[in-house]
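I hope they are handy while you look at the fold.

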Amino acid sequence: MRLLILTPQFPYPPHQGTAIRNYNLIHQLAARHKIHLLSFLEGPGKVEMPLRADCAAICTVMAPRRGMLDRIRTLLLSPLPDMALRLESEAMHQQLDELLTRHSYDVIQVEGIEMGPYLLQIASGKWRMARDRPLLVFDDHNCEYVLQRRVLEADARRRGGWLGAFYSLIQWRKLVHYERRCCRAADRVMAVSEADGRALERLVPGLEVTIVPNGVDTAAYDPRRVEPLDLGPGAIVFTGKMDFRPNVDGALWFAQQVLPLVRSKRPEVHFYIVGQQPHSRLDVLRGDPAVTITGFVPRIQPYIAGAAVYVIPLRMGGGTRLKVLEAMALGRGLVSTRLGCEGFPLMRSGEHLLVADGAAPFAQAVLALLRDPSLGRGLGQAARDLVTARYDWAEIVPRLEALY
């Protein structure tokens with residue numbers, strides 16, 4: 001088939017969640033279909049060869065920049081949520097029009113709600129005949145209105161978080177209307193988890209959501225092929241894009257509430273926060289000798305492989321976290337909050353990982369893995385077996401093709 005795929009960020013190199021998902025979907029689909037990619041670029045740079053080999057054509061537009069004054073103005077005056085305005089670009093609308101004029105497609109796939117303006121542009125297009133209209137697929141990733149409601153609830157609980165809660169309240173109410181509109185505009189809607197699918201079906205009664213979960217390249221995350229970094233015997237590792245609010249909140253909560261409880265029993269432990277663009281809110285941790293904030297690293301695998309315990313201390317967010325699959329594919333002993341591993345119904349606490357909520361239970365779970373490395377190895381092997389069988393991208397993409 002002839003596919004046009006629209007992505008909010010250029011999907012190579014795959015260093016963060018959206019790019020990882022988009023790159024792997026494209027790479028797997030390219031073996032059997034002709035793909036045109038239309039994407040935003042964050043800055044000038046060459047298009048990497050792996051995508052050139054996968055795509056018959058690649059078109060890019062520079063991502064727009066929105067200043068704080070623009071965001072404040074639209075917060076107060078626009079009915080649209082910030083996510084609908086973040087990538088609004090006349091150049092992208094024109095580029096999309098050109099592609100639709102010059103080419104015919106069987107499927108157009110729009111990745112993420114940030115690309116909603118272009119989804120709506122395609123849906124409202126004047127097609128010569130019904131048969132000329134391609135199948136319009138919306139990959140909503142997370143159920144965004146649910147994610148925003150959880151951020152609102154977390155901000156409301158946090159001391160001094162009233163301003164964030166006010167912002168999140170407005171965004172949540174706007175997202176309810178906008179996400180409903182986007183889902184109705186598409187012919188087919190995808191989500192990454194059953195929970196997100198159910199939430200979208202509540203938003204749009206009668207909507208049928210297809211679940212195409214996140215996956216992992218189990219060969220690239222094979223512990224036999226990854227040389228672990230020597231981080232010390234008590235290394236606790238957390239990875240992610242570190243300007244993303246749920247990751248920032250989780251890192252701060254673990255460092256300030258959980259880590260002291262762990263260190264009271266195991267004073268040698270060290271917490272590594274690994275990921276690009278650390279937010280200024282994390283600066284309070286930089287003076288702590290038990291914490292290292294790495295910033296960007298070229299490869300995440302050696303840090304995960306070097307962990308005595310990998311943690312996912314998330315208290316807000318939605319969808320499914322690629323970091324869960326990465327740690328499990330590398331066979332690491334993993335401790336997560338219930339929210340952190342949400343969306344993976346086959347994963348069971350005590351069999352593939354340890355699940356704990358609250359600072360004291362979370363610390364006890366971390367200590368259990370530190371005291372008994374064989375427990376972590378057993379959980380890690382069971383986790384890798386599960387991920388290899390059910391969550392490799394090669395197992396997932398046929399579900400997307402079935403939807404087409």
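**Notes on the model**

1. His-141 sits in the loop that links strand 5 to helix 7 (144-157); helices (H or I, at least four residues) and strands (E, at least two) are DSSP runs, numbered from the N terminus. Although His-141 is not a glycine, its phi is positive, about 55°. With a relative accessibility of 10%, His-141 counts as buried, where buried means under 20% relative accessible area, exposed over 50%, and partly exposed in between (1.4 Å probe, protein chains only).

2. A word on the ground rules. This is a predicted model, in which local features need pLDDT of at least 70 and side-chain atom pairs count only at pLDDT 80 or more, while totals for chains, interfaces and linings use all residues. Residues are numbered from 1 along each chain as its sequence is written, and side-chain values use heavy atoms, with hydrogens and water left out.

3. Gln-277 is another non-glycine residue with a positive phi of about 55°. Its place is the loop between strand 9 (270-274) and strand 10 (291-295). Gln-277 is partly exposed, at 44% relative accessible area.

4. The peptide bond from Tyr-12 to Pro-13 is cis, with omega near 0°. Pro-13 belongs to the loop between strand 1 and helix 1 (17-29). For background, most residues other than glycine have a negative phi, and most peptide bonds are trans.

5. Seven strands make an open sheet with parallel pairing, in the order 3-2-1-4-5-6-7; two strands pair if DSSP finds at least two bridges between them. Strand 3 (57-62) and strand 7 (209-211) are at the edges with a single partner strand each, so one side of each has no neighbour in the sheet. On average, neighbouring strands of this sheet are turned by 20° against each other, direction ignored. Axes here are lines fitted to C-alpha atoms, for helices over the stretch in contact, and angles run from 0 to 180 degrees between N-to-C directions.

6. Which strand pairs with strand 7 over three bridges? Strand 6 (residues 188-191) does, in the parallel sense. Met-190 stands opposite Thr-210 in strand 7.

7. Helix 6 (residues 116-123) lies across strand 1 (2-7), strand 2 (34-41), strand 4 (107-111) and strand 5 (135-139), with contact meaning heavy atoms within 4.5 Å. Helix 6 runs at about 165° to strand 5.

8. Finally, a look at helix 3. Leu-77 is located in helix 3 (residues 68-77) and is exposed, with 70% relative accessible area.
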